[in-house]
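Q: Hi! I have a new model open and would like to talk it through with you. Could you bring it up?

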Amino acid sequence: MRLSIKLILLVVSIGFFSNCKKIEKKQSEQWVNLFNGKDLNGWIVKINGFELNNNYNNTFRAENGVIKVSYDQYDNFSDQFGHLFYQTPFSNYNLKLQYRFTGDQAPGGESWATKNSGIMIHSQSPESMLLKQGFPLSLEVQFLGGVNKDETRPTGNLCTPGTHVEMDGKLITEHCITADCKTYYGEEWINVEVIVNKDSITHIIDGKSVISYSKPTIGGEFLDSTSEDLQAKNGQPLTNGYISLQSESHPIEFRNIKILEL
């Protein structure tokens, strides 16, 4: 009888702790969709030369379940670099999304901006950007697409407007650092994942880790294009910030944007 009772208690205990672990895991893996697939509710527009939330020429729009960056209402692109910010800042998280380049670049776009876009993380707030400020202080997960078949143009790179990072324990002051990734030439959807774990950040493209870095700080040659308040923070650690989608003159689409806070 005693043995039976002990056995029953053991089975119940195992079941209880197993269920607790399942619940704990489920609660800790609550992915949140940042884009509802219908409209830009929860997102803030800032385009160079225009006031906050002036979506000049309907650049950013929600259509058919994607966020589309379009220039079909532009006669000429002239430094109207734009960013679509999610309304909430984040610090430690796992971000997932898909993107693809489409169509032709807008007339007037810079040659380097052909099939060039990205997402900004640890960005300054949209409200803190100057009226005429092309790019927010941030870390850019840069997306590039191949233009010519004999050209190598990896995607998932790191660019650093107003920031520095460390790689392998060394301070990196270059503006853009190339990722270990292949070149995509078509209009296929590409899977992107960004893992921000305290002061360490990794870019993942189609399941492959392509670049990692750590200890981002405020600084660099592009810092002088920001406000005096931000410039006064030169050298300070960059531990959190906003996420934004970029507009640089080539049409691009984003979908399945979701985040898991760690």
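This is a predicted model: local features need pLDDT of at least 70, side-chain atom pairs count only at pLDDT 80 or more; totals for chains, interfaces and linings use all residues.

**Rings, cavities and strands**

Q: Let's start with F81: buried or exposed?
A: F81 counts as buried, at 7% relative accessibility. Buried means under 20% relative accessible area, exposed over 50% and partly exposed in between, using a 1.4 Å probe and protein chains only.

Q: Thanks. How many aromatic pairs does the structure hold?
A: There are 13 aromatic pairs. Rings of Phe, Tyr and Trp (its six-membered ring) pair if their centres lie within 6.5 Å; planes under 30 degrees apart are stacked, over 60 edge-to-face, and the rest tilted. In one of them, W43 and Y86 have ring centres 5.3 Å apart and planes at 75°, so that pair is edge-to-face.

Q: And where do W43 and Y86 lie?
A: W43 is in strand β2 (residues 43–47) and Y86 in strand β5 (residues 82–86), so their pair ties together parts 43 residues apart in sequence. Strands (E, at least two residues) and helices (H or I, at least four) are DSSP runs, numbered from the N terminus. W43 is buried at 7% relative accessibility, and Y86 is buried too, with a relative accessible area of 12%.

Q: Back to F81 then. How is its ring arranged with that of W112?
A: F81 and W112 are stacked, with 6.0 Å from centre to centre and 20° between the planes. F81 sits in the loop between β4 (66–69) and β5, and W112 in the loop between β6 (93–101) and β7 (116–123), so this pair links parts 31 residues apart in sequence. W112 is partly exposed, at a relative accessible area of 40%.

Q: Which residues form an aromatic cluster?
A: One cluster is made of F50, Y56, Y71, Y74, F77, F81, W112 and F135.

Q: Which charged ends sit over the rings of W189 and W31?
A: The charged end of R255 sits over the ring of W189, 4.0 Å from its centre. Over the ring of W31 sits the charged end of K258, 5.5 Å from the centre. The rule asks for NZ of Lys or CZ of Arg within 6 Å of the ring centre and within 35 degrees of the ring normal.

Q: Changing topic: what is the volume of the largest cavity, and what lines it?
A: The largest cavity has a volume of about 50 Å³. Its lining is Y99, R100, F101, K115, L144, G145, Y184, G186, E188 and I190, and β6 supplies the largest share of that lining, three residues.

Q: How about the largest pocket, how much space is in it?
A: About 240 Å³ of space lies in the largest pocket. Of the 16 residues lining that pocket, S123, Q124, K233, L238 and N240 are the closest to its centre. On a 1 Å grid over the protein atoms alone, a cavity is a set of points where a 1.4 Å probe fits but cannot get out, and a pocket is an open set with protein on both sides within 12 Å along at least five of seven lines; lining residues have an atom within 4 Å of a point. Points are joined across faces, edges and corners, and a volume is the space filled by probe spheres set on them.

Q: Now the strands. What is the order in the open sheet of seven strands?
A: The order is β2-β5-β16-β7-β8-β9-β12, with antiparallel pairing. β2 and β12 (176–177) are the edge strands, each pairing on one side only. Strands pair if DSSP finds at least two bridges between them. Between β5 and β16 (residues 242–247) there are four bridges, and H83 has Q246 in β16 as its bridge partner.

Q: And why is β14 called largely enclosed?
A: Five of the six residues of β14 (residues 200–205) are buried, so the rest of the structure largely encloses that strand. Six bridges join β14 to β13 (residues 190–197), running antiparallel, with V194 opposite H203. β14 also pairs with β15 (residues 208–218) in the antiparallel sense over six bridges, where I205 stands opposite K208.

Conventions:
Residues are numbered from 1 along each chain as its sequence is written. Side-chain values use heavy atoms; hydrogens and water are left out.
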